[in-house]
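This briefing goes through selected features of one model, grouped by topic. Please keep the sequence and the structure open while reading.

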Amino acid sequence: MFKKFSVWVALALFCGMILFVSGGTRSIEAQDDGPTIRLQGYTFAPSKGEVPLSPPGLEVAQLASGAKGYYIVQFTGPIQDEWKQAIEAQGGEIINYVPDFAFKVRMNPAQASRVNDLNSINWVGVYQPAFKLSPDLNHEGDNLYRIRVEKGANGGQTRAAIAQSGATVLGRDGQTIVIDATIDQVNMVAQIADVAWIDNFDANVLHEKHNESGAGVIIGGNVANTNGYDGSTQTAAVADTGIGDGTVSGAHRDIQANRVVSVNNWPGTTDICVRTIFDDGAIDVDSAHGTHVAGSVLSSGDPSTGVGRGTAPAANLVFQATENFASISKRCQRAGWPANGYLLTGLPDNLNSLYQQAYNDGARIHANSWGSSQAGVYTANSSQTDEFIWNNPDMTITFSAGNAGVDANSNGVIDNDSIGSPATAKNTITVGASENERPDNFACDTGLSYTSNDAYQPGQTCNSMGGENILGTYGSRWPADYPAAPLSNDPTGGNQNQMAAFSSRGPTDDGRIKPDIVAPGTWILSAFSDLYQQEYDSQTNPQNGAPQYDGWGMPFDGFYKYMGGTSMSNPIAAGGATVVRDYYNKAHGHNASAALVKATMINSAVDLLDENNDGANDNDFPIPNVHEGWGRINVAKATDGSLLFVDNATGLTTSGNAVNQYNVSNSGDVFKVSLVWSDYPSTESASANLVNDLDLVVTAPNGTQYRGNVFNNGWSQAGGNTDRVNNVENVYIQSAAAGTWTVTVSGFNVPNGPQPFALVVDGTFGAPVATATPTNTPVATNTPVATNTPVATNTPEPTNTPSPSNDVHSGALDGSSNSAPKNRWVATVVITVHDQNHNPVSGATVDGAWSNGTNGGASCVTNGSGQCSVSKSNLKGNVSSVTFTVTGISGSGLTYNSGANEATSTVISRP
C-alpha cells in the first residue's frame, strides 16, 4: 500500500533528468557462444554483434559529458571479485546483477570509457529506457502505473521530473511512485535517468488471503512431536488478518498467553486506492483467517483430544495483524479493486520492515498465507523477500503458492504458470496444497440448527448431513475452473496422495521449480476466532452486520472450523520448518540457516502418487514437477536423525569448490543429496533471476557423475546439462552402489559472493545411524507409532537423555577453497565429530594429514557444535588440489571408533 505524503515541487527541470547516454561496444569479433544479456522483453548477445531494437522514443544515444547515467557492463565470463573492484576503481557504482555475467552500473561517459578498456570486459552499453518497461504494460487509455526509483537515487527529484512529463503523480512511498498516465507519458517517464522499472498498478498487485488434521499424521508432525521436537526452542511469526480478540491473552484457548511474544497492529494508511480505514487493532472478526493460520502453525490443540493441534505445538508466536475494513476509490475500483471490505491494508510496500519487526522479536520462521496474483512474475516484493533472507540467513520465510490453479483448456489437467508473488522469490519455501484426509470424515457440530452457508450444502444442517460435512467435488464447487474429468469428478478431500486442484502451479516465468513443496490444504481443521460466531454468539459484526465466516462447510465446534487453500497448507509447512529448526537446536546445538531448513524439508519430502487426481496411484508426474515441486513434507523423516548435513557459512566464490565424501555401506539403497543456497536478490527487469550460480555434482564409486536436477521418472540420470536456473539442486539415486560417493559443490558464477550453502544427504552410511535424541525431551524411537487423535500436552514430559557414549567418530568433512595474493590459494576443512547417537561432541581433538600436492599434519579442537576447522595456506597456483584425511580423534574419556566414520577424507580443488 502507498502512504500519504506531503506534495512538494522540485525546481529541477524535466529535461535535466533525461538520459542522454553513450556507451561504446568493444571492438571484438563475434562469437558463436558469447554470453547473452537477458532482460524482460530483450535478449541479445553483444559478442555476436546483436543489439536490441528499441521502439521509437525509447532509445538514447549519448550522455552529456560529465553527466551520470546507467550502463550494462558485461564481463567475458563468470565474474571474479577483482573484476568488480576494477570497475569501482574507475568510479563506477555497481547497482545490480544482469544476466549473464553483467551488472547495471552508474557512471559517467569518461568512466564508462575507462571501464570499457579493461581486459575482463566483453561489452559496455547503454541501459536503454526500453529496458525499464514491463512487457505486460497496459497501452489503452489512462492507467495506473507503478514506478520504482533506482536505489541510491533521489526519490523526490525523480517524482518532480515525472510530474513534468504530464503524468499525474498519485503517491510516493520511499522509492516507489504511483502515477496515472497514458502510454506516451509512460514512455517519457522511462527516459528519466533514475527510473528503474515501470509496471501496471492494478488489482493483480492487491495482496489477498489465499484461503478458499489428519495433517499431523499425514506429514509426520505427531511423530516428531512425540520424539520431543515440538518447536519449544523456536519463535514463529505470522503476518495475517488478525488474531482472536487482538490481545496476547485472547489469541485462542490453545495459543496460551505465555507463548505469545507480541501482537502487533499494522493498520496501514490511506492512499490513492484506500480512501478510508476503520482501524480495529489486531482483532480477527471477518474471516478469522489469521487465527486459523496461527493455529495450524502452533496451536496446542484440544486439551483432551488433540483436535486442532498445530505442527509445532510448543513454539512461541509473534503475530502481525494487517487487515482492516476499508473503502476503495472509484479510480481503483475501475482498475479491478473491490468497492470496500476487509483488506490487507497494513502490508507495507517494502516487506523488509515487516520481516525486521518479527526478527527483532526473536522470530526465525515467518509464515505468510497471502500474495498477489501476478502469475510467475518476480516482483519487487519477491526481491525484498530474497534481500531479507540474504541479509539474515537464519530467517526462514514461507509463502503460500496461491489458489489460481485452473483447467482453462478443459483437458483435465491443471494449467502451468500461476504462482503468485512474493511466492516467486528464490529463497522462500513456497508451499502448494495437497489434499487432506481425516478418519472422522470431516465431522461437524450437530448442535447447530442453522442451515449451512456453504453454497455446495444448500438447505443442509449438520444433522441433515449425518454429522459429517458433504465435501463436494472440484467440478461441482467450481464448475468453470474444473470442467473436465478427472478433476471435475474428484472430491475436494479424502486422498492424501492427491493435489488440491486450486493450488497454483509452477514454474516461475524464468523457469524455476515452484512450488518447493506441498502440505495438506483442503478441509483443514484449526482455530476458530471467538468473535461473532453464528449461533455460538448472539452478536454480529457491527461493521458489516454479518457473522464471522464459517469456513468450509460447517464448524467442528466453537473452537475449531474447516478452511481450505494454500493459506492452510502454508502454516502447516511453516510449523514443519519450526520443528526442523527445533530439531537442529536440540539434537545438534545448531542455529539452522534458512537454506538448511529448506534443504532438509525438500530432501525428506514424499513424492505424491496421484498428482493428476485420476484415482490411480501411478505417479503420472514424478518429482520434480510443476504441481508438487519436490513433494509433500515429511516432518518425521526430517527429524529422525538419519540425515547428514553441512551448513556452510563461509561460502564459495567463482571457481571455488567444496568436496565431501560419504561411505555408502549397503548396495541398492537410496542415496539423496540436496543443495540449497539463499541467493542474492534479483530485480524485476531481469528475465532470469538466479544471481549466484552454484553447481552440484555427485560422483559414484565407479566414477559416474550425476549433475543436479537431471531427473527422469523421479530419479537422477547420468549426463545431462548443468542447471543454470534454480538455487535448489538435487541428486536422488534410486539404487546406490556401496562405496565412497563424492559430493562436489562448486561456484560457477558468483558475482555477489561469497555464497553460503547447505547440503543435506540421506542414505545408509557405515555403521547404522541412530535416531538423534534431543536434550531434555522425550527419548526418540526409530519406529514410533502414530495415532489419529493423540493426547495433546503443551509441554511434553521430559525424560533423562542417556549419557552420551565414549565412542566418537568423524561426521561430515566440509572442504572449501579461496584465492590468495600472488597466485596462491588457501584450502580449509571443517570437521564434525559425533558420538554413536549422532550427537555433536565438543572438546575432541581431531588429528589429520594433508596430501596430494602438499603434506604435513594438522589438528583442531571441536566447539560446542562438535565442529572445528583446519587450513592449509600459501598453496602454489600449480597445485590443482589437496586432500585432507582424518587420522585420529582423541579427548578425555573418548574412544575413537574409526569403523563408524561417515567421512574420513575430502579433496579440495584450487579455486
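**Helix packing, a pocket and buried positions**

The crossing of helices H12 and H13 is right-handed, a term used when the near helix is turned clockwise from the far one by less than a right angle, anticlockwise being left-handed. The model is predicted, so local features need pLDDT of at least 70 and side-chain atom pairs count only at pLDDT 80 or more, while totals for chains, interfaces and linings use all residues. Residues are numbered from 1 along each chain as its sequence is written, and side-chain values use heavy atoms, with hydrogens and water left out.

**Helices H12 and H13**

- H12 covers residues 566-588 and H13 covers residues 594-603; their axes come within 10 Å and cross at roughly 110°.
- H12 and H13 are therefore roughly perpendicular to each other (65 to 115 degrees; under 35 is roughly parallel, over 145 roughly antiparallel, the rest oblique).
- Axes are lines fitted to C-alpha atoms, for helices over the stretch in contact, with angles from 0 to 180 degrees between N-to-C directions.
- Helices (H or I, at least four residues) and strands (E, at least two) are DSSP runs, numbered from the N terminus.

**Second largest pocket**

- The second largest pocket holds about 470 Å³ of space.
- Of its 27 lining residues, Asp647, Asn648, Ala649, Thr650 and Pro756 are the closest to the centre.
- Two or more lining residues come from each of helix H10 (380-391) and strands E25 (644-652), E34 (755-762), E35 (807-820) and E36 (824-835).
- Strand E25 gives the most to this lining, with six residues.
- A pocket is an open set of points on a 1 Å grid over the protein atoms alone, where a 1.4 Å probe fits, with protein on both sides within 12 Å along at least five of seven lines; lining residues have an atom within 4 Å of a point.

- Helix H7 (residues 289-298) is mostly covered, with 10 of its 10 residues buried (under 20% relative accessible area; exposed is over 50%, partly exposed in between, with a 1.4 Å probe and protein chains only).
- Among the buried residues of H7 are His289, His292 and Leu298.
- Val664 lies in strand E26 (residues 657-664) and is buried, with a relative accessible area of 7%.
- Val664 and Gly763 are 99 residues apart in sequence, yet 6.9 Å apart in space, C-alpha to C-alpha.
- Arg331, in helix H8 (residues 330-334), is partly exposed at a relative accessible area of 22%.
- From Arg331 to Ile272 is 59 residues in sequence and 8.4 Å in space, C-alpha to C-alpha.

Terms used
Points joined across faces, edges and corners; volume = space filled by probe spheres on them.
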